[in-house]
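Thanks, everyone. Please look at the structure on the screen.

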Amino acid sequence: MSFDPNAYGGEVAAILALDGAGERLMPLAAAECSCAEARALLKAAAPNLLFPQARAPEAAMAGLYLYFSCWNEAHETAQDIHTPEGSYWHAMVHRQEPDDGNSAYWFRQVGIHPIFPALAQAAVERTWDPQAFIALCARARSLPGSELERKALHLQRTEWQLLFDFCAAQVTP
């Protein structure tokens, strides 16, 4: 997948540029927020202004918080979004907590998401199974520095990029 942070506007691109421009490998387990400046900018931003004409501005905001490992803010934002995208971010937050059972619950609330075919292609699988990915991440966390961890980190980044793009991309009326 080719990820272009400029596709979401200059302000979002500038925020993402504070840590990897959308290419950061987020940890598989909750960590400290990676950028205090990004956290402050996000707290001061209104989702509808940051993501005008986006499919799901609040969900995109949850994704930005998660990208920077601002776990509490990502969780608080995602849990208040009662859509498949809100449930998806909520599931990802709990997968990183790690609370695999809670993550599995929220992925069941998502159902079949439109990003699954692209994720399956990235994973070189016939279908995308979020429950299997929860288990893969759990195994990978126990093997730091392994090829399995590398695979999980890269798939998680692809998952983030696809879901963020789905939420933040402008929709035409």
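Let me begin with Cys70, which is buried at a relative accessible area of 0%; buried means under 20% relative accessible area, exposed over 50% and partly exposed in between, with a 1.4 Å probe and protein chains only. A word on the source: this is a predicted model, where local features need pLDDT of at least 70, side-chain atom pairs count only at pLDDT 80 or more, and totals for chains, interfaces and linings use all residues. Residues are numbered from 1 along each chain as its sequence is written, and side-chain values use heavy atoms, leaving out hydrogens and water.

Which residue does Cys70 form a disulfide with? The partner is Cys33, with the sulfur atoms 2.0 Å apart; a disulfide here is a pair of cysteine sulfur atoms within 2.5 Å. Cys33 also counts as buried, at 17% relative accessibility.

Cys167 is in no disulfide either, as the nearest cysteine sulfur, in Cys70, is 17 Å away.

Now the rings. The whole structure has twelve aromatic pairs, counting rings of Phe, Tyr and Trp (its six-membered ring) with centres within 6.5 Å; planes under 30 degrees apart are stacked, over 60 edge-to-face, the rest tilted. Phe3 and Phe164 have ring centres 6.4 Å apart and planes at 55°, so this pair is tilted. Phe3 is buried at 9%, and Phe164 at 0%. Both belong to one aromatic cluster, whose members include Tyr8 and Trp160.
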